[in-house]
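Colleague: I would like to go through the labels used for this model and hear what each one rests on. Please show it before we start.

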Amino acid sequence: MAVPKGTKYAIIGAGIHGLSTAFHLAQSLKAAGRGSGADILVVDKTAVAAGASGIACGVVRNNYFQPAMRELMAHSVDVWESDPKAYSYHPVGYMQISPEGMHEDVASIYQQQKAIGYESVFIEGAEDSAKYMRSLFDDWQAKGITSVLHEKRGGYANNRASMHGLAVKAENEGVRILSGVEVLDFEFGSNSGAVTAINTNQGRIACETVVVGVGPWVNKIWNLLELPKRITVKDLRGKVHEDVPMWKFWCLEEGTLGVDPDMHKTNDGRFPPVLHVDTDAPLYSDRDGKLITDKLWGIYYKPDFSFGGVQGGASPYKVDQDADQVAVDPYGPESPEFVVGDDFIEMWCSALAHCQKRFEGKMPLYRRDENSGGLGCFTPDNFPVFDTFRENVYVIADSNHGYKMIGVGKLVARELTGEKSALLEPFRFARFAKGELHPTSHSPFPWS
Ligand SMILES: Cc1cc2nc3c(=O)[nH]c(=O)nc-3n(C[C@H](O)[C@H](O)[C@H](O)COP(=O)(O)OP(=O)(O)OC[C@H]3O[C@@H](n4cnc5c(N)ncnc54)[C@H](O)[C@@H]3O)c2cc1C
């Protein structure tokens, strides 16, 4: 395959971040009279949607304990809503259903959603929460719930369809997207240290600016850019931690119950919001009644025709290996190592049955014919880094919240054309050294 000898903007990775940046950058260049999509080249070592964006559950929500994340998500929801058809976006809403230990955190999320004008309803108390849930699902039976946050916006999008929709929009702006082109290393300027070219398996491409949107492969590209493998992190109490690994992996666990998606509708026959349930009520196996856990657990789920059933997931688990040793390839369902197993299936199906009677006895219908789940690469505080390194390399490392963050590419495009973004400011790399980390919540999920 012939690669061009040079390009103004080289974008590595055709997932949500690379493609959204490409599309919005093409528009920004055109609007400013400074160029067009023809100045942008996207390369992907496999193809559009080959990474995490192509296997993600696709949940789009605002519910984050961290104010900066909420504002960023509100911006991203605007982008999803701007072209639901092309993005294959289903604006069904989202519900965070929580136990008492998370009540205060979620109450503050609700207050701040009101402050930024993000529409939601907050129900408090065990009785009122149960009543609200039963008004939507008459078989609701989850225990240990004392609050319900119902976000009226958000929902989910179909992973691969949305990536292809975004790719078409970028190509219509004149962007070139090349599959099967893997970046193997970078050439650096002799004086500045900036990147002057990317060397790929198909040849050298000189470039003026590089955008990195490689999802779970970020550790590899970070090493090629000779960025620090271990860093100093000042925590929120001011304590300094030396020699912290910059990257760590978690395995995200998701799967599909092979039921008719139509069986999971609301009492009035509508498609329901995405449900996210966290509780500390003991979870018993729906197969043999044995205790699975008496610790805080959480799941999320939605009916989804593209997955062919009710699809969702549970908390991820930490991969206990040095980032350089983790086998990211083959990725996702192809991985021999990082796909879900029996423990996840038993837990998630039992948790569905714990929440709604309609799922009792349905574990045998779990889709074992398809592998699911996949790796995510996380920063020390589990929140994204959006920043410029080596003068001309913009790294979008989303730390695995990223499918929903379609708006980040739009903001990055603005930064590349000279307009600083206040929404991206809290996600700079310097926050680790400065102690400006994002606050953590009581959720069992590292990214909430
Ligand atoms: C199972 C699972 C479920 C998830 N569910 C959700 C969800 O519901 N909601 C949500 O918001 N987030 C979710 N996420 C997280 C989300 O999918 C990721 O954060 C996001 O998709 C990352 O997007 P990206 O564009 O950075 O990377 P990716 O989509 O991974 O794309 C990176 C691309 O870079 C290419 N690439 C890598 N290295 C090179 C190289 N050297 N040269 C050229 N190309 C290269 C890859 O081939 C790939 O196509 C989920 C993740 C997983 C694993």
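Colleague: What does the lining of the second largest pocket hold, by class?

Modeller: The lining of the second largest pocket has 8 nonpolar, 7 polar and 3 charged residues. Ala, Val, Leu, Ile, Met, Phe, Trp, Tyr, Cys and Pro count as nonpolar, Asp, Glu, Lys and Arg as charged, and the others, Gly among them, as polar. In total 18 residues line this pocket, with D235, P380, D381, L437 and T440 lying nearest its centre. This is a predicted model, in which local features need pLDDT of at least 70 and side-chain atom pairs count only at pLDDT 80 or more, while totals for chains, interfaces and linings use all residues. Numbering runs from 1 along each chain as its sequence is written, and side-chain values use heavy atoms, with hydrogens and water left out.

Colleague: What makes a space a pocket or a cavity?

Modeller: On a 1 Å grid over the protein atoms alone, a cavity is a set of points where a 1.4 Å probe fits but cannot get out. A pocket is an open set with protein on both sides within 12 Å along at least five of seven lines, and a lining residue has an atom within 4 Å of a point. The volume is the space filled by probe spheres set on the points, which are joined across faces, edges and corners. The second largest pocket holds about 330 Å³, and the largest cavity about 90 Å³. By this rule there is 1 cavity of 30 Å³ or more.

Colleague: Which element gives the most to the lining of the largest cavity?

Modeller: That is α3, with 3 residues; helices (H or I, at least four residues) and strands (E, at least two) are DSSP runs numbered from the N terminus. Both α3 (103-115) and β16 (274-279) supply at least two residues. The lining comprises 13 residues, and M102, I109, S441, S443 and S448 lie nearest the centre of the largest cavity.

Colleague: Why is the protein chain called as compact as a globular protein of its length?

Modeller: The chain has 9 helices and 23 strands. Its radius of gyration is 22 Å, close to the 22 Å that the globule rule gives for 448 residues, so the chain is as compact as a globular protein of that length. The radius is taken over C-alpha atoms, and the rule is 2.2 Å times the number of residues to the power 0.38.

Colleague: Why is S88 called buried?

Modeller: Buried means under 20% relative accessible area, exposed over 50%, and partly exposed in between (1.4 Å probe, protein chains only). S88 has 18%, so S88 is buried. S88 sits in the loop between α2 (67-82) and β4 (89-90), and its phi is near 50°, a positive value in a residue other than glycine.

Colleague: Why does E226 count as exposed, and why does S36 count as partly exposed?

Modeller: E226 has 57% relative accessibility, so E226 counts as exposed. E226 lies in the loop between α6 (218-224) and β13 (230-234), with phi near 60°, also positive in a residue other than glycine. S36 has 25%, so S36 counts as partly exposed. S36 belongs to the loop between α1 (16-31) and β2 (40-44).
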